[in-house]
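Let's work through a few exercises together, one step at a time. Keep the sequence and the 3D view open while you read.

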Amino acid sequence: MSMTQHALPTPVACLLGPTASGKTAAALRYAAQMAAQGRTVEIVSVDSALVYREMDIGTAKPSAEERAAAPHHLIDIVDPADAYSAANFRADALRVTGEIVARGNVPLLVGGTMLYYKALTQGLNDLPGADPAVRAQLDAEAARDGWPALHARLAQIDPATAARLAPNDSQRIQRALEIWMLSGQPMSALLAAPSSRDDEAARYRFVPVALEPSDRAVLHRRIEQRFDAMLAAGLIDEVKVLRARGDLDANLPSMRCVGYRQAWEYLDGDIDYDTMRDKGVFATRQLCKRQLTWLRAMPERIVVDCCAADATAQAVSAIERIHA
């Protein structure tokens with residue numbers, strides 16, 4: 001093999017999309033087609049909720065049957081009491097992808113956590129780590145003044161970040177204010193700064209295939225049906241079991257995941273069941289909106305209309321072209 005050939009990066013398809021866009025179905029269809037050709041596809045999850053153990057229903061974690069159909073990675077790797085960052089994901093995803101390629105198998109990245117994808121493909125900016133003391137101070141201020149007041153403060157120091165956050169998006173408002181308090185710089189400026197990509201990442205050419213809706217209302221209906229299905233499958237009982245452990249609280253990143261946060265509020269007696277259900281659906285729609293905003297900032301993506309009758313086949317075809 002010549003030096004030029006050796007230097008060519010390995011193309012790796014990344015199936016991205018918002019909640020309920022059909023990523024799992026397309027990934028498993030592709031895995032089945034490759035298996036019929038004698039090739040093994042290994043799926044690498046790009047999802048900040050699927051990393052947590054004991055959180056299956058509210059994260060729409062692939063079933064045992066789905067995981068048996070193709071090897072899955074970066075699922076059930078963290079206890080809900082622990083934190084997992086974009087930096088952790090980047091290191092783990094690069095390691096796992098390298099192992100899959102070394103085995104002669106086909107890696108396929110699948111998920112909707114766009115910050116993880118950005119960290120993987122563009123490197124990490126020099127953001128300060130979490131500071132428990134600063135977070136406790138901000139939590140106390142939010143308890144006194146409300147998150148919209150902290151959002152208003154963020155709008156003064158970092159208008160670009162505040163403009164893309166909802167006034168009650170406590171987790172992201174807190175993180176943006178924390179970064180400003182620790183670094184003295186707005187998060188938007190730090191994220192815009194060039195970041196270094198290491199040689200490991202340069203071995204791959206990550207190509208995004210984006211499942212996006214031509215009609216947002218279709219996706220909204222799917223989200224509503226999916227959340228109701230999670231409730232019917234026992235989401236509240238799942239959160240009851242997590243609460244009973246005694247070492248988890250509503251401020252942990254795991255319990256801030258969509259669905260879990262609203263179920264926790266309901267079990268605290270702060271809201272009734274119908275309100276919990278409506279807030280869960282609304283929060284999932286907001287998450288979907290953020291995911292689509294991230295996706296549309298990727299000019300290199302291959303777009304597949306997830307509302308199309310043949311969306312799964314289109315996505316599989318796009319992945320096949322990348323790996324051809």
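**Exercise 1.** Find out which residues ring pairs link into a cluster, and describe two other ring pairs.

Step 1. Ring pairs join Tyr84, Phe89 and Tyr116 into a cluster. Rings of Phe, Tyr and Trp (its six-membered ring) pair if their centres lie within 6.5 Å; planes under 30 degrees apart count as stacked, over 60 as edge-to-face and the rest as tilted. Before going on, note that this is a predicted model, in which local features need pLDDT of at least 70 and side-chain atom pairs count only at pLDDT 80 or more, while totals for chains, interfaces and linings use all residues. Residues are numbered from 1 along each chain as its sequence is written, and side-chain values use heavy atoms, with hydrogens and water left out.

Step 2. Searching the whole structure gives 4 aromatic pairs. One of them is the tilted pair of Tyr204 and Phe206, at 5.7 Å centre to centre and with 45 degrees between the planes. Tyr204 is buried because its relative accessibility is 4%, and Phe206 is buried with 11% (buried means under 20% relative accessible area, exposed over 50%, partly exposed in between, using a 1.4 Å probe and protein chains only).

Step 3. Now take Tyr266 and Tyr273: their ring centres are 5.6 Å apart and their planes stand at 80 degrees, so this pair is edge-to-face. Tyr266, at 27%, is partly exposed, and so is Tyr273, at 37%.

**Exercise 2.** Which ring does the charged end of Arg243 sit over?

Solution. The charged end of Arg243 lies over the ring of Trp264, 4.8 Å from the ring centre. The rule asks for NZ of Lys or CZ of Arg within 6 Å of the ring centre and within 35 degrees of the ring normal.

**Exercise 3.** Locate Pro18 and Gly22, and decide whether each is buried or partly exposed.

Step 1. Pro18 is in the loop between strand 1 (10–16) and helix 2 (23–36), and Gly22 has its place in the loop between strand 1 and helix 2. Helices (H or I, at least four residues) and strands (E, at least two) are DSSP runs, numbered from the N terminus.

Step 2. With a relative accessible area of 0%, Pro18 is buried. Gly22 is partly exposed, with 31%.

Step 3. Leaving out residues up to four places away in sequence, Pro18 touches Lys23, Leu211, Leu219, Cys288, Gln291, Leu292 and Leu295 (contact means heavy atoms within 4.5 Å).

**Exercise 4.** Where does Thr113 lie, and which residues is Thr113 in contact with?

Step 1. Thr113 belongs to the loop between strand 4 (106–111) and helix 5 (114–122).

Step 2. Its relative accessibility is 15%, so Thr113 counts as buried.

Step 3. Neighbours within four places in sequence aside, Thr113 is in contact with Val46, Asp47 and Ser48.

**Exercise 5.** Is Phe282 buried or exposed?

Step 1. Look for Phe282 in helix 15 (residues 273–295).

Step 2. Phe282 counts as exposed because its relative accessibility is 53%.

Step 3. Val258 is 24 residues from Phe282 along the chain, and their C-alpha atoms are separated by 9.6 Å.
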